[in-house]
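The following exercises ask the reader to examine a protein chain step by step. Each task is followed by a worked solution.

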Amino acid sequence: MSLAAVAVLVALPLLFLPWLEPSARDLERAALVHELLVYPVVLIAGLLFHLCWRLARNPTTGWLSAAVTLLGTQGIGVAAIRIARPEALAERAGWLLLTELAVQALLVAMTAAADRRHLSVNPFGAGLVLGVVATAVRVAVLEAPPLGLSDATLRALATGVLAEQVLVGALILRLRRSPLWLRVRLAGAAALLAFGHFLTSPTPAGDMVNGIAIGTSVLGAAGLIHAGLSLLQVKLHRHGSTVDSLHRHVEHLEADVRVDRARLHEFGATIAGIASASELLRNSSWLPEDRREALERAINAEASRLQRLLDDRRLLQPEDCDLGRLLDPIVTSHRARGRTIHWHHDGSHACGRPDDIAEAVNILLENAAQHAGTPIDLHTRIARGAVEIRVVDQGPGIPPHLGGSLFQWGHRGDASHGQGIGLHIAHRLITEQGGSLRLAPSQTGRGATFIATLPHSGTAAGPTGPLQEDADDAI
């Protein structure tokens, strides 16, 4: 909102004042009444600066809030006294000017401290309290005997008040922690309010002077409101930017945590297979030589895959993968853990990152073993120009209401004791390679069938050698 628009809004009540208060049609009376409309606006400006202080906790803004609030509160008190007891105001103008000198000295001290000290109290509350105290002192001196000062002395005191107000403006311009545009607006507004108050202090003057006083006071109050609104807009924009930055930072942290949790999940399943195979090798001297060699190959393959995971396997490029040889260590490690796996493979070759394919199948087998507890069927075959890997169990199946969120991070069934991240990882690993992972509908109402589809590399070697072992040969 522009300064002119704010000035119009501030001056608008003054336009209706002659109809609300017929006596105010006289400029001398209007000069007495106008401050009762202007200084509430100054008080609102103090509240705006207080809101800015609450957003940023900037000490300079806090002191400015206290000073502007004090100025508005005591200005309302002075205006009320002028309206309620104009005769007492004229008789005890000396006392009132001395009080005004003390208030302005306090404003000078507050402005001087704005860049040097932290405000330990609520600035708006402090300004209100000081303004009320200043008003109470003015009411009290109305009962004191008149000082009997001459007009020249009264003018000298009024000039002293103006000098202190000018000093406040100069100190505002020297505030280093506030932007230049704010200092200029505040200093200009303070100067206009000071000049308007000076023209009617201790009592209103001629019509022209009164008109100038009203105009400058309105512009001064509008300047304070405009400065407060502009500063609040800046603070809100910065606050919003800070919140957005924090949100992005939190999102990055959450992403890092998810990556770490995903790696730990992969580490856990891989290390469990290595540990089981190692334990079986160490404690089973009766194992046939071919089984012992199969376990050793599985341990070496899983250990190598674990090392590549630590080195960030995402840097690896897709390649031709013999699924039979790739999944042999995975099946062997699961069988070493006492799980029954029926493995049917047709020698299919897929195009992808070997470690990612192996980890995805490892997760699907682990998921079936933990949640079904039944023998597991693992199939590889070529279908519709792609390679399918099926993992089938005979467990209780997947509840229908979980079908849409099955692959989302953290989603799991009510009876599941897992973390709800395994299937998410498997889905990501497969889809990153141009494939897909889905849950096939159950024909019998029991069991779960997960189908991973990968691009076919175009190479196919028939089933050979030890890779033809079936579940009856499970270790």
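**Exercise 1: A histidine**

At 1% relative accessibility, His334 counts as buried, a term for residues under 20% relative accessible area, with exposed meaning over 50% and partly exposed in between (1.4 Å probe, protein chains only). The model is a predicted one, in which local features need pLDDT of at least 70, side-chain atom pairs count only at pLDDT 80 or more, and totals for chains, interfaces and linings use all residues. Residues are numbered from 1 along each chain as its sequence is written, and side-chain values use heavy atoms, with hydrogens and water left out.

Task: State in which helix His334 is found and which residues it touches.

Solution. Step one: His334 belongs to helix 11 (residues 323-336); helices (H or I, at least four residues) and strands (E, at least two) are DSSP runs, numbered from the N terminus. Step two: leaving aside residues up to four places away in sequence, His334 touches Arg339, Ile341, Asn362, Leu365 and Glu366, where contact means heavy atoms within 4.5 Å.

**Exercise 2: Two helices**

Task: Determine at what angle the axes of helix 7 and helix 8 cross.

Solution. Step one: the axes of helix 7 (residues 151-173) and helix 8 (residues 180-199) come within 8 Å and cross at roughly 175 degrees. Axes are lines fitted to C-alpha atoms, for helices over the stretch in contact, and angles run from 0 to 180 degrees between N-to-C directions. Step two: helix 7 is therefore roughly antiparallel to helix 8, since angles over 145 degrees count as such, under 35 as roughly parallel, 65 to 115 as roughly perpendicular and the rest as oblique. Step three: the residues of helix 7 that meet helix 8 include Leu162 and Ile172, and those on the helix 8 side include Ala187 and Phe195.

**Exercise 3: Paired strands**

Solution. Step two: Asp322 has His349 in strand 3 as its bridge partner.

**Exercise 4: Confidence**

Task: Find where pLDDT stays under 50.

Solution. Step one: pLDDT, the predictor's confidence in each residue from 0 to 100, has a mean of 80 for the chain. Step two: pLDDT stays under 50 over residues 460-475. Step three: where pLDDT is low, the predicted coordinates should not be read in detail.

Note on methods:
Pairing = 2+ DSSP bridges.
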